[in-house]
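Subject: Structure handover

Hello,

Here is the structure for you to look over. My notes on its salt bridges follow below.

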Amino acid sequence: MPATGPAAALTRPRRLRPGDRVGVVAPSGPVPRERLEAGVAVLREWGLEPVVGAHVLEPHPTLGHLSSADEHRARDLEDAWCDPSVAGVVPARGGYGMQRVLDLLDWDRMRAAGPKVFVGYSDLTVLHEAFAQRVGLATLHGPMAATASFLDDEATRDHLRRSLFTPESVLRIGPGDGARTLVPGRAHGVTLGGNLSLLAAERGTPGARPCAAGGILLLEDIDQPPYSIDRLLTQLLRSGWFDGVAGIALGSWTACGEPEEVGVVLRERLEPLGVPVVEDLCFGHGPSTPTLPLGVPAVLDADARTLTYDEPGLL
């Protein structure tokens, strides 16, 4: 059932198996053909059968930052999700544009299609939240098939592969070399979140999550200078979105300015919440990223600098 209150554990789809068909779509930004082909080749090496959406390489008629027309992006996503022969959907990339598509989807039809695997991050934060709120589905915050981290970093690919096929092998994230305790303590809750900019942009929109109560909140971003991170966090604080949050895990802040200045902003804005906070668990837009289930209970241990799931993200 769709989630309506504080963060609660969501329905987990089954893990993938060799031979499964997976939809590859582009609901946000345009995808270079060579990167799409390289990503599809990796999925095939894993024993999967990629099914590329009809409009993935089609340009938008007027806007170069979008991959095909809004209606076409929505159709590719919905058709892949509702195809009974498809076990999951792995978008090609993020970028911008998912918000334009969200209300064009038939959510009753997608809910009726049953639980399936969904992977993505960045602009796809909007879709993670929609699956949680409208479908009650746990998803995977992980790399898309045509992104640099997926194509160029073996550790990123391996973590996603294990998350898809043997999810019990990746229950703990951290402690990484750069992980730091910002606020000590230990918290238990259900994971949620993703890209800071998109979480802030969704405030006040139809069906958006009212707050992060009961959640272990994941936050990361890219190309946001410290003052912009300050503004986004302040918006969420003032609007009550952090009310009742159990703990916060921070990922990468790629191209966001001097790390020390970013760290000052994060501490100044988040420390007064009085909940455990861990910095730099390395998920997000960095050159290497782990895959983190969303909608699954977990323990954030800020002192040990780890995020440990109670159960795998997939059945």
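A salt bridge here is a side-chain nitrogen of Lys or Arg within 4 Å of a carboxyl oxygen of Asp or Glu. This is a predicted model, where local features need pLDDT of at least 70, side-chain atom pairs count only at pLDDT 80 or more, and totals for chains, interfaces and linings use all residues. Residues are numbered from 1 along each chain as its sequence is written, and side-chain values use heavy atoms, with hydrogens and water left out.

The count is 19 salt bridges. For burial, buried means under 20% relative accessible area, exposed over 50%, and partly exposed in between (1.4 Å probe, protein chains only). Helices (H or I, at least four residues) and strands (E, at least two) are DSSP runs, numbered from the N terminus.

- R14 and D20: N to O is 3.0 Å. R14 is partly exposed at 32%. D20 is buried at 10%.
- R100 and D70: the closest N and O atoms are 3.0 Å apart. R100 sits in helix 3 (98-102) and D70 in helix 2 (70-82), so the bridge ties parts 30 residues apart in sequence. D70 is buried at 13%, while R100 is partly exposed at 33%.
- E311 and R12: the closest N and O atoms are 3.6 Å apart. E311 follows strand 14 (306-309) and R12 precedes strand 1 (21-24), so this pair links parts 299 residues apart in sequence. R12 is buried at 19%; E311 is partly exposed at 26%.

Best regards
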